[in-house]
Amino acid sequence: MLAKRIIACLDVRDGSVVKGVRFEGLRRAGDPAELARRYNTEGIDEIVILDVTATLERRVALTDTIRAVAGEIFIPLAVGGGIRSEADARTAVDAGADKVSLNTAALADPSLITTIAERFGSQAVIVAIDARREGDRFSVFVRSGQHATERDAVEWAREATDRGAGEILLTSMDRDGTRDGFDCVLTAAVSSAVPIPVIASGGAGTFEHFEEVFTRGQADAALAASVFHYSEHSVADLKRHLAGRGVPVRQ
Amino acid sequence: MRVALIDYGAGNLASVRKALTAVGADVHTPATADALDTFAAIVVPGVGHFNATATLQGSWRDRIRATIDQGVPLLGICLGLQWLFEGSAEAPDVRGLGLVDGQCTRLSGTDEGNRTAGTGRATRLKIPHVGWNALRLVRPSWLFDGVSDGAYVYFTHAYAAPVTEVTTATTTYGETFASALERGRVGAVQFHPEKSGDVGLRILRNFLALTETTAAGDS
């Protein structure tokens with residue numbers, strides 16, 4: 001049976017993981033390759049490197065980060081943040097990324113999804129959608145959630161799929177950082193509307209939250225950052241919990 | 001050990017190259033089919049549309065066939081597995097290598113064993129099949145030496161190969177398809193060993209280990 005995936009997100013700035021990592025026993029707290037190695041040992045299913053570097057010239061560090069992680073972790077690796085062109089995607093893929101995640105640039109020019117899918121295959125294209133509840137609908141935001149758009153999340157997910165996206169990374173801006181649980185209504189609305197996998201993101205705090213988003217939320221994968229960075233529990237503990245509740249996971 | 005990684009433009013080779021290198025292979029991408037003679041093993045990777053394998057028709061196809069007939073081990077990965085068959089419904093005009101009888105077909109995306117309450121309709125599954133799924137080892141295999149029945153590996157594909165007498169592992173996603181096959185010193189996997197963690201690296205090591213043995217009947 002296809003396993004539900006647990007994905008760790010590393011927010012990387014200038015080559016270091018940010019969001020305050022408190023792992024003990026790491027030679028350099030915040031070293032992406034070292035964190036990725038630890039997650040891999042614990043049984044993480046996939047790694048996302050999200051580049052939050054502010055300036056263009058410093059983005060060179062991202063390539064080194066991708067190379068360092070991809071050189072020793074042999075599980076799927078996605079890279080997002082600032083990928084605006086086929087050339088950006090090419091740079092990430094050449095450094096070792098298996099997938100690139102498009103957000104603002106895809107909304108500005110949806111044909112970019114098709115261009116990159118035709119070049120690298122749909123399996124290499126994730127469209128990231130940041131959504132916030134507005135009444136009974138979910139509105140799409142861009143530029144790290146700072147700007148509202150006219151787009152509806154479900155409708156945009158459908159269009160992204162039609163244009164060649166292989167997966168949707170769906171972040172609830174209402175829940176992001178709250179640790180109050182994933183937005184299962186949002187996740188189920190998008191997941192039931194598209195034939196491609198949906199990765200739920202935003203709000204992970206407890207093992208029960210993961211269980212909920214895989215059942216009620218119909219998510220195919222769940223992504224979290226700080227819950228793994230801060231938690232005393234490991235990815236392995238989370239998977240044992242899920243398996244005990246009948247959620248199929250890779251152990 | 002010199003391994004030829006065939007680059008026919010089907011997606012990204014960086015991951016396969018990194019993983020093979022990590023298990024000790026000296027990986028090259030020969031520019032022409034004639035150069036295949038100088039390699040100890042061949043890897044046919046690939047992800048994407050079966051159309052891409054059209055590049056392998058002609059001299060590549062003939063040289064690869066001749067090389068494996070001489071006992072040189074070959075590993076097909078994903079599209080590289082499907083190419084060993086006669087063809088695929090994804091691109092009916094493109095001929096496969098034809099080493100294995102049969103055609104690859106699109107995953108149906110229906111789970112007949114799991115019906116929705118109320119409507120009684122079979123559950124719809126998402127296509128492509130993306131993620132970690134389990135291997136059922138169905139016959140002895142050199143590729144899966146040391147790999148447990150039920151081990152999880154990483155898939156991303158919409159078309160799949162039929163279960164035949166050469167199938168060594170099956171996987172179920174609605175339907176049951178061939179997730180690995182072996183015929184002599186040719187092995188192939190539908191999943192991505194280069195992305196399947198320690199299990200995947202073990203499989204790549206097993207492939208390289210086979211390369212170090214002599215083909216049966218050579219001596």
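This is a predicted model: local features need pLDDT of at least 70, side-chain atom pairs count only at pLDDT 80 or more; totals for chains, interfaces and linings use all residues.

**Two residues with positive phi**

Next, select C78(B), in the loop between β4 (74–77) and α3 (79–82) of chain B. C78(B) is not a glycine, yet its phi is positive, about 60 degrees. Is C78(B) buried or exposed? A residue counts as buried if 20 or more other C-beta atoms lie within 10 Å of its own; C78(B) has 27, so it is buried.

Move to chain A and select Q218(A), which sits in the loop between α8 (207–215) and β11 (221–224) of chain A. Q218(A) also is not a glycine and has a positive phi, of about 55 degrees. With 16 other C-beta atoms within 10 Å, Q218(A) is partly exposed.

**A leucine in a strand**

Go back to chain B and select strand β14 (residues 175–183), then pick out L181(B) within this strand. L181(B) counts as buried because it has 27 C-beta neighbours inside 10 Å. Which residues is L181(B) in contact with, leaving aside its neighbours within four places in sequence? They are L81(B), V100(B), V166(B), T167(B), T168(B) and A188(B).

**Two packed helices**

Two packed helices are described by the angle between their axes and the distance between the axes. Select helix α1 (residues 14–22) and helix α4 (residues 197–211), both of chain B: they pack at an angle of about 70 degrees, with their axes 9 Å apart. Angles of 65 to 115 degrees count as roughly perpendicular, and α1(B) and α4(B) are therefore roughly perpendicular to each other. The crossing of α1(B) past α4(B) is right-handed.

To see where they meet, show A19(B), L20(B) and A22(B) in α1(B), together with G200(B), L201(B) and L204(B) in α4(B). Sorted by class, this contact has 5 nonpolar residues, 1 polar residue and no charged ones.

Definitions and conventions
Residues are numbered from 1 along each chain as its sequence is written. Chains are lettered from A and ligands numbered from 1 in the order in which they are written. Axes are lines fitted to C-alpha atoms, for helices over the stretch in contact, and angles run from 0 to 180 degrees between N-to-C directions. Helices (H or I, at least four residues) and strands (E, at least two) are DSSP runs, numbered from the N terminus. Angles under 35 degrees count as roughly parallel, over 145 as roughly antiparallel, 65 to 115 as roughly perpendicular and the rest as oblique. A crossing is left-handed if the near helix is turned anticlockwise from the far one by less than a right angle, and right-handed if clockwise. Two residues are in contact if their C-beta atoms, placed from the backbone, lie within 7 Å. Ala, Val, Leu, Ile, Met, Phe, Trp, Tyr, Cys and Pro count as nonpolar, Asp, Glu, Lys and Arg as charged, and the others, Gly among them, as polar. A residue is buried if 20 or more other C-beta atoms lie within 10 Å of its own, exposed if 12 or fewer, and partly exposed in between; C-beta atoms are placed from the backbone.
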